[in-house]
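Hello,

Here is the structure I promised to pass on. Have a look at it below, and then I'll walk you through what turned up.

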Amino acid sequence: MTNRRKLGTVEVSALGFGCWAIGGPFSDTEGKPLGWGEVDDDESIRAVRRAVDLGVTFFDTADVYGAGHSEEVLGRALAGHRDEVVIASKWGNVFDADTKVRTGTDASPGYVRRALEATLKRLGTDHLDLYQLHIGPSIEDAVALREAGEDLVRDGLVRGYGWSTDDPGRAAAFAAGPHCVAVQHELSVLHDAPELLAVCDRHDLASINRSPLAMGLLGRRTASRPATGADIRSAAPDWLRFFRDGVPTAQWQSRVDAVREILTSDGRTLAQGALGWLWARSERTIPIPGFRTVAQAEENAGALAHGPLTSEQLAELAEVATAPGSPAVAAG
Ligand SMILES: NC(=O)c1ccc[n+]([C@@H]2O[C@H](COP(=O)([O-])OP(=O)(O)OC[C@H]3O[C@@H](n4cnc5c(N)ncnc54)[C@H](OP(=O)(O)O)[C@@H]3O)[C@@H](O)[C@H]2O)c1
């Protein structure tokens, strides 16, 4: 299944498209950006449709991206193609669609169905293939949310559910639900996650990989091409470790420099090599790179033709990452 992956009972392309950036600007209650800056909706729609043409069948969004705008744009782009694609969204953040402010979170079981109904309306569909918890309540509180997910499956509103979490304990707790089919977590050639992949193996879950391009670091962002304006990378909250003031930090840039030659050694671009690493890492991985342009959609979908990196390339990368004094080790 080189180019296909299992997501619960359905099969999807091994590559999904992440729809955070195409939601456009939104912010927290202090006005700090939570989006990736201005977007051209027509270009976003063309990019989604181009991805479908090139064989991509999986799209990941969230209600909060662009305060509802990402779901609306994705719904417009996929109108008439609903049966050809698999759509995932997320709940848990609360926002004001008019002011485009994320106002807080809601981890109550009663909120789940309300949030889903609004999501379905924005997407213009009657069901989701995957519904993911987007916030980090305690495992005890999440058990009730897992049950709410089961109710939605029973009512035919979602096919399966999962948790977007980097905590293996939380992922495993959700996996106890019969229709939990995936965990969404960070994974990239710059950030391995062996414990989460082990949870996926143990519980037969898909591993949906967010930030597979390290938020553009494994792309074309450098000190001379900084992210600007209302792009979250230019404000860089504490959890965003790759960038400061829109520029890759020196430590992370040196990590990229250390892996670049191997990732691009067989004619792949850096981004395509980074996606190839993810497919070689496990047969459960589904990277969901973000995008804003048709050119990025074509380059990322083009990675499917290259497929996973070879075991030799993986071994070379492991050596670079673990060599004493290597940038990867120095950066911790
Ligand atoms: N908590 C969560 O659940 C959570 C958190 C984060 C992300 N996600 C999901 O994961 C998806 C992807 O993660 P991410 O947005 O953090 O980052 P990412 O996929 O690692 O990086 C995306 C960015 O990389 C750049 N890029 C994309 N394709 C490229 C190419 N071919 N060549 C060069 N640069 C390229 C673009 O930015 P520039 O061109 O502007 O540099 C793009 O916006 C999101 O869209 C979202 O669906 C979920």
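Let me begin with Arg220, which counts as partly exposed because its relative accessibility is 49% (buried means under 20% relative accessible area, exposed over 50%, partly exposed in between, with a 1.4 Å probe and protein chains only). Before going on, a note on the source: this is a predicted model, where local features need pLDDT of at least 70 and side-chain atom pairs count only at pLDDT 80 or more, while totals for chains, interfaces and linings use all residues. Residues are numbered from 1 along each chain as its sequence is written, and side-chain values use heavy atoms, with hydrogens and water left out.

Arg220 forms a salt bridge with Glu299, with 2.9 Å between the closest N and O atoms; the term stands for a side-chain nitrogen of Lys or Arg within 4 Å of a carboxyl oxygen of Asp or Glu. Glu299 lies in helix α10 (residues 294-306) and Arg220 in the loop between β11 (206-210) and α7 (232-235), so the pair ties together parts that are 79 residues apart in sequence. Helices (H or I, at least four residues) and strands (E, at least two) are DSSP runs, numbered from the N terminus. Glu299 itself is buried, at 17% relative accessible area.

The structure holds 23 salt bridges. Another one of them joins Arg233 and Asp231 at 2.7 Å, N to O. Arg233 is buried, with a relative accessible area of 3%, and Asp231 counts as buried at 3% relative accessibility. There is also a network: Lys6, Asp201, Asp204 and Arg284 are joined by salt bridges that share partners.

β1 runs antiparallel to strand β2 (residues 10-13), and 4 bridges join the two; strands pair if DSSP finds at least two bridges between them. Within this pairing, Arg4 stands opposite Ser13 in β2. The two strands form a hairpin with 2 residues between them, and Gly8 in the turn has a positive phi of about 65 degrees.

What would you make of the surface patch? Glu261, Glu312, Glu316 and Glu319 gather there in a patch of negative charge, made of residues with over 30% relative accessible area and no salt bridge, like charges being joined within 9 Å. Helix α11 (residues 311-322) gives the most to this patch, with 3 residues.

Best wishes

Terms used. Patch = residues over 30% accessible without salt bridge, like charges linked within 9 Å, V, L, I, M, F, W, Y side chains within 5 Å. Areas by Shrake-Rupley, 256 points an atom, 1.4 Å probe, with all protein chains shown as cover. Lys, Arg positive; Asp, Glu negative; His and termini not counted. Charge placed at Lys NZ, Arg CZ, Asp CG, Glu CD.
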